[in-house]
Each structure stands twice: as structure tokens, then as C-alpha cells.
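Open the model in your viewer and follow the stops below. Each stop says what to select and what is there.

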Amino acid sequence: TVSLVIQAKFNRRPDLLAHQMYGSARLWWVFAHYNRDTLVDPIMDFKSGTRIIAPRNFTVQGTN
């Protein structure tokens, strides 16, 4: 995992950070999962200046 501070350009936009870090905006929920105590509301609590942790790399395997 990596510790980071949410930058102003990602304020209330976990989808944009997920796209930058993981290549898919659909993985925004990873931040909510890893920061359940900090991000009670995964959108409104995703504010610039907030320190969160996140996996450095994250991929989803198919369920087939």
C-alpha cells in the first residue's frame, strides 16, 4: 500500500484518481474499501488534503 494526500484536482472525484492510478475509473471503490474509517461517504469525504492509503497496483480478475 501507499499513503497519499488527496490533491485538489481529485476533490470529491475518486473516479479520477482511480483512473490515474489503476487505469479504470470504475475502481473508485478501492479507496472506500481501504479507508472505511476515513471515507464514511466515499464521495463527499474524498476531499483535498485528506490522507488515505491505497494499494500501489490493483487489478480485478474475471469471474469466468
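**Stop 1: an aromatic pair**

Select Tyr22 and Phe31: both are buried (under 20% relative accessible area; exposed is over 50%, partly exposed in between, with a 1.4 Å probe and protein chains only). Tyr22 counts as buried because its relative accessibility is 13%.

This is a predicted model, where local features need pLDDT of at least 70 and side-chain atom pairs count only at pLDDT 80 or more, while totals for chains, interfaces and linings use all residues. Residues are numbered from 1 along each chain as its sequence is written, and side-chain values use heavy atoms, leaving out hydrogens and water.

**Stop 2**

Keep Tyr22 and select Phe58. They form a tilted aromatic pair, 6.1 Å centre to centre with 55 degrees between the planes. Rings of Phe, Tyr and Trp (its six-membered ring) pair if their centres lie within 6.5 Å; planes under 30 degrees apart are stacked, over 60 edge-to-face, the rest tilted.

Tyr22 sits in helix α1 (residues 14-22) and Phe58 in the segment after β2 (51-54), so the pair ties together parts 36 residues apart in sequence. Helices (H or I, at least four residues) and strands (E, at least two) are DSSP runs, numbered from the N terminus.

**Stop 2**

**Stop 3: Trp28**

Now select Trp28, in the loop between α1 and α2 (29-34). Trp28 counts as partly exposed, because its relative accessibility is 33%.
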